[in-house]
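Look over the model first.

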Amino acid sequence: MGFWKKAEVELDYYGLSRKELSAKSGVPMTTINRAMERDSQPFALDALRVAKALHVSLEYLLDLPETKAGGKKNESDESHQIEMYKKYHAVIETLEKLPQSKQKGVVEIVKSLALLCE
C-alpha cells in the first residue's frame, strides 16, 4: 500500500477530511488531492508534515521497517499491531462491553473457529 493510500486509511480512521489534513499539516490542499489521485511519492518535507499531522511514523506511511533510537528494527512491529487494531477495533470495543465471563466464552469460540479454518 502506498503512502497516500495509507494516509487515506488514517484519515478515515480519525474521521478527518483532506481539507483538515491540509490545515493540520500545512501541505496545500491541491498537492494532497493531486498526490492522492495519482498515489505518487510525496516530497520529503510534505511526507514528514503529513506523518506528524496524522500522528504516525514516517516509516509506517512509507512502508519502511520502523526503527528504534539505536537504529535497530523494532521487534514488536508496532505498525502491524496498529494496523490490526484499526482493522478490528469495532470488534474489540464490542467484546469489551460484554461481561468478563462472556468475553472468555467468545474468545474461546473464535479460537476454535480459527483452528477449524486451518
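Helices (H or I, at least four residues) and strands (E, at least two) are DSSP runs, numbered from the N terminus. This is a predicted model: local features need pLDDT of at least 70, side-chain atom pairs count only at pLDDT 80 or more, and totals for chains, interfaces and linings use all residues. Residue numbers start from 1 along each chain as its sequence is written, and side-chain values use heavy atoms, with hydrogens and water left out.

**Pocket.** A pocket is an open set of points on a 1 Å grid over the protein atoms alone, where a 1.4 Å probe fits, with protein on both sides within 12 Å along at least five of seven lines; lining residues have an atom within 4 Å of a point. The largest pocket has a volume of about 150 Å³. Helix α3 (residues 29–38) gives the most to its lining, with four residues. Trp 4, Arg 34, Arg 38, Phe 43 and Asp 46 are among the lining residues.

**Core.** A nonpolar core is a set of buried Ala, Val, Leu, Ile, Met, Phe, Trp, Tyr and Cys residues joined through side-chain atoms within 4.5 Å. Buried means under 20% relative accessible area, exposed over 50%, and partly exposed in between (1.4 Å probe, protein chains only). The largest such core has 17 residues; Trp 4, Leu 21, Met 36, Val 50, Leu 54 and Leu 61 have the most contacts inside it. At least two residues each come from α1 (3–14), α3, α4 (44–54) and α5 (58–62). The top contributor is α4, with five residues.

**Aromatic pairs.** Rings of Phe, Tyr and Trp (its six-membered ring) pair if their centres lie within 6.5 Å; planes under 30 degrees apart count as stacked, over 60 as edge-to-face and the rest as tilted. The whole structure holds two pairs.

| Pair | Centre to centre | Angle between planes | Type |
|---|---|---|---|
| Phe 3 and Trp 4 | 4.9 Å | 80° | edge-to-face |
| Tyr 13 and Tyr 14 | 5.1 Å | 75° | edge-to-face |

Phe 3 and Trp 4 are both buried. Tyr 13 is partly exposed at 32% relative accessibility, and Tyr 14 is partly exposed at 40%.

**Positive phi.** Most residues other than glycine have a negative phi. Asp 39 has a positive phi of about 50°. Asp 39 lies in the loop between α3 and α4 and is partly exposed, at 31% relative accessible area. Asp 63 has a positive phi of about 60°. Asp 63 sits in the loop between α5 and α6 (78–97) and counts as exposed, at 51%.

Technical notes. Points joined across faces, edges and corners; volume = space filled by probe spheres on them.
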